[in-house]
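Please open the model in a viewer and keep the selection panel at hand.

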Amino acid sequence: MTEGLAAAWAGIASLARNPRPDGSAPGSIRPLFAADPDRFARMSHAADGLLLDLSKTSLTDQVLAALLELARAADLEGCRAAMVAGEPINATERRAVLHMALRAPREAGFRTGGEDASAEVHRTLDRMREFCAAVHGGRVLGATGERFTDVLNIGIGGSDLGPAMAARALWTPAAPMRAHYLANVDAHAWEALRPTLDPRRTLVLVASKTFTTQETMTNAALVRDWLAAAVGPDGAKAHFAALSTNLKATAAFGIPEERVFPFRDWVGGRFSMWSAIGLSLALALGWDAFARLLAGARAMDEHFLAAPLPRNLPVLLALAEVWHVDALGYPARAVLPYDERLARLPAHLQQLEMESLGKRVTMSGSLVAHATGPVVFGEPGTNAQHSFMQLLHQGTTPVPADIILVARPDHPYADSHRKLLANGLAQAEALMRGKSAAEVRAEMEAAGADPAEIQRLLPHRVFPGDRPTTTILLPQLDPFTLGQLVALYEHKVFCLGALWRIDAFDQWGVELGKQLAGAILPELEKGPKPGAHDSSTEGLMRAIRRLQGAGEG
Ligand code: F6P
């Protein structure tokens, strides 16, 4: 670690250890509102209509200055420039990181390793647009001459979560096609989906960057058999397209080149919903909606590239996370979209953030000196309030929460929407404000509770408060604002990678499980190899085989 970095971290640690000049604790929030009536105005920032309110965190000017010093010492701006220049900032895989090229205009001129990345992106986008027009216009038909009404995306992780999340968020009955997503190798997922689909009208996209992923290839084979049974093996071919970087494997699967929509290895799986991996969205929502999604992400890219660091939304979100995780020791973060349509956003962010930031060594291979990515989890509000919010209000460790609010709904039920927003605002206020013993006592006395009852219940009814939330307010939920929102989180992840000096774009941690599953698979069929595993794994294999009637194995 350089001297500058060490000094910046030390500055942050010292602010976290010592009381503020006014004597308040570094993690407290209430005194900050009491001292500054303009706190909301000073601590909230907007970009193209998206508002980020950081005022209900314990960030102060002094803390922000220390965090910005870390950003300077980590050369955040230099790292950003290296990403834009197409340098191999995904060092362990020697790959560039150019998801911004996916939503940039043709003339943006992204390049890497001698390749004109922007030209490559637009070649594929043009082909995707033409394909959508042909499907919607009935020029591309199923084997029996029927129009395609449903698109089935078979993929997992980054080849599923982003598009599935966006389809859930944006689909309306007026959309041109219905979208379905099949991810899990658990065939119960396919069994549940199958009766909802008519094979004659279903277009299947096999979405896999590598085209080797066990789950996806297994499901693709099941679906191919289902199609072949309905329209014959040759007919089935008319129902497939592939979204992949692996053109050899797509050909081996029998998908002709004109039905393969490629992307390059400089698109990370969890950053790929803007690439060919988004084809299910373009088909289901229509090309204009997909283009608006890209435009929203592009607007956030432009903000990220141009706004000064102290007013740069992704940078500020990342700095707040460093403060919470490293300085205050909060190990988790909740994502609470107060919009049912964003129900799958927490799942998408779980992969985006935890696969990117769940790392314990720096770029140079040494152990990190600080905690890195927190556990990310979430559910839409208000449902979350009736499940895990108890822990956020009164648990032993503060869990910062992102509260996502949408001002204008797309339904006519104004009263329901007011109640939804009231709850979202109230959760943030309650977490920050808490309720003191004196307040609880006064409330109980006013309600006529007797002193013994007050004594008994008082500790249980106290809320410690000072629990941070970050509120993101969208004017409405549409393709543009969803694009902004997701790109905001993508850039936050990039910033955290740079601040923590980790490779946010690799995912070696998923490999060992895949390897071991490969070894276990034949043993589940033929019986465990004695001594090849620990006694638990071997014992469980034997128990499973017994329950399956396969004898002792
Ligand atoms: O196993 C993790 C992972 O590699 C993710 O990073 C990726 O999004 C997912 O699997 C799917 O990979 P693919 O698109 O190659 O099928």
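## Stop one: a pair within a helix

Select helix α21 (residues 535–547), where R542 and E538 are four residues apart and therefore separated by about one helical turn. Helices here are DSSP runs of H or I with at least four residues, strands are DSSP runs of E with at least two, and both are numbered from the N terminus. The model is a predicted one, in which local features need pLDDT of at least 70 and side-chain atom pairs count only at pLDDT 80 or more, whereas totals for chains, interfaces and linings use all residues. Residues are numbered from 1 along each chain as its sequence is written, and side-chain values use heavy atoms, with hydrogens and water left out.

Display the two side chains: R542 forms a salt bridge with E538, and the closest N and O atoms are 2.9 Å apart. The term denotes a side-chain nitrogen of Lys or Arg within 4 Å of a carboxyl oxygen of Asp or Glu. R542 counts as buried at 19% relative accessibility, and E538 is buried with a relative accessible area of 16%. Buried means under 20% relative accessible area, exposed over 50%, and partly exposed in between (1.4 Å probe, protein chains only).

The structure holds 39 salt bridges. Select R106 and D126 next; this salt bridge has its closest N and O atoms 3.2 Å apart. R106 lies in the loop between α5 (76–84) and β3 (111–112), while D126 belongs to helix α6 (residues 117–136), 20 residues apart. R106 counts as partly exposed at 45% relative accessibility, whereas D126 counts as buried at 18%.

Move to E353 and K492, whose salt bridge has its closest N and O atoms 3.6 Å apart. This pair links distant parts of the chain, with E353 in helix α14 (residues 345–357) and K492 in helix α19 (residues 479–500), 139 residues apart. E353 counts as buried at 2% relative accessibility, and K492 is buried with a relative accessible area of 1%.

Switch to a cartoon view and select the open sheet of five strands, ordered β6-β5-β7-β8-β9 with parallel pairing. Two strands pair if DSSP finds at least two bridges between them. Strands β6 (178–182) and β9 (260–262) stand at the edges, each with a single partner strand, so one side of each is left without a neighbour in the sheet. Select β5 (residues 150–154), which runs parallel to β6 and is joined to β6 by five bridges. Within this pair, V151 stands opposite A179 in β6.

## Stop four: the largest pocket

Which residues are the closest to the centre of the largest pocket? Select T210, T213, Q507, V510 and K514, the closest of the 38 residues that line the largest pocket. Helices α9 (214–237), α14 and α20 (511–526) each supply at least two residues of this lining. The largest share, five residues, comes from α20.

Note on methods:
1 Å grid on protein atoms, 1.4 Å probe; cavity = no way out; pocket = protein on both sides within 12 Å on 5 of 7 lines; lining within 4 Å.
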